[in-house]
Amino acid sequence: MIPAKPEGWAHLICTPGDAPFVALGQALVPEVSRDTHAMRQMLRFEDADVAVDLFRRWRSDHAEALVIVDQLEELFTLNPPDVQARFASLLSRLVLEADVHVLLAIRDDFLLRCQEYGALRPIFEGLVPLGPPTGDALRRALVQ
């Protein structure tokens with residue numbers, strides 16, 4: 001998907017792990033490293049208002065911006081409920097307030113966990129299930 005993104009689109013990828021705010025902030029750092037104000041704000045990235053502002057600044061430099069959260073199931077397996085709720089809320093705010101596209105990659109057996117958080121419910125409106133690659137697609141994935 002990334003090689004096929006349109007010209008002018010910026011992107012970053014993170015995996016939540018057991019510190020999703022840190023992971024997302026670390027993914028953003030290289031994108032804003034030349035902006036001294038943004039770098040000072042990174043110290044307060046876990047404040048959702050600060051994170052949204054940082055993503056808004058990043059987004060303003062590009063035609064479009066995409067955040068890919070890979071292995072979203074880690075949010076549910078490695079973090080307490082309060083962190084899950086705050087991170088889900090942040091992802092929603094990135095779309096609504098920072099005009100950033102957010103793509104979530106999650107194992108299907110964790111998909112229903114997203115419904116526990118109102119902020120993630122809209123993903124069901126645009127849900128595109130992808131099965132495992134087969135045939136030529138599987139060969140390309142393994143070889144390339």
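Mentor: Let us begin with burial, where buried means under 20% relative accessible area, exposed over 50%, and partly exposed in between (1.4 Å probe, protein chains only). In helix 1, the buried residues are Pro-20, Phe-21, Ala-23, Leu-24, Gly-25, Ala-27, Leu-28 and Val-32. Please note that this is a predicted model, in which local features need pLDDT of at least 70 and side-chain atom pairs count only at pLDDT 80 or more, while totals for chains, interfaces and linings use all residues. Residues are numbered from 1 along each chain as its sequence is written, and side-chain values use heavy atoms, with hydrogens and water left out.

Trainee: Against which elements do the buried residues of helix 1 pack?

Mentor: Contact means heavy atoms within 4.5 Å. Helices (H or I, at least four residues) and strands (E, at least two) are DSSP runs, numbered from the N terminus. The buried residues of helix 1 pack against strand 1 (9–14), strand 2 (64–69), helix 2 (36–41), helix 3 (48–60), helix 4 (73–78) and helix 5 (81–98).

Trainee: In which order do the strands form the sheet?

Mentor: Strands of a sheet pair through backbone hydrogen bonds, either parallel or antiparallel. Two strands pair if DSSP finds at least two bridges between them. Here 3 strands form an open sheet in the order 1-2-3, and the pairing is parallel. Strand 1 and strand 3 (101–104) stand at the edges with a single partner strand each, so one side of each has no neighbour in the sheet. Strand 1 pairs with strand 2 over 6 bridges, and Leu-12 stands opposite Val-67 in strand 2.

Trainee: How many aromatic pairs does a search of the whole structure find?

Mentor: A pair of aromatic rings is described by the distance of the centres and the angle of the planes. Rings of Phe, Tyr and Trp (its six-membered ring) pair if their centres lie within 6.5 Å; planes under 30 degrees apart count as stacked, over 60 as edge-to-face and the rest as tilted. The search finds 4 aromatic pairs. The ring centres of Phe-21 and Phe-87 are 5.4 Å apart and the planes stand at 90°, so this pair is edge-to-face. Because Phe-21 lies in helix 1 and Phe-87 in helix 5, the pair ties together parts 66 residues apart in sequence. Both Phe-21 and Phe-87 are buried.

Trainee: Which residues form one aromatic cluster?

Mentor: Phe-45, Phe-55 and Trp-58 form one aromatic cluster.
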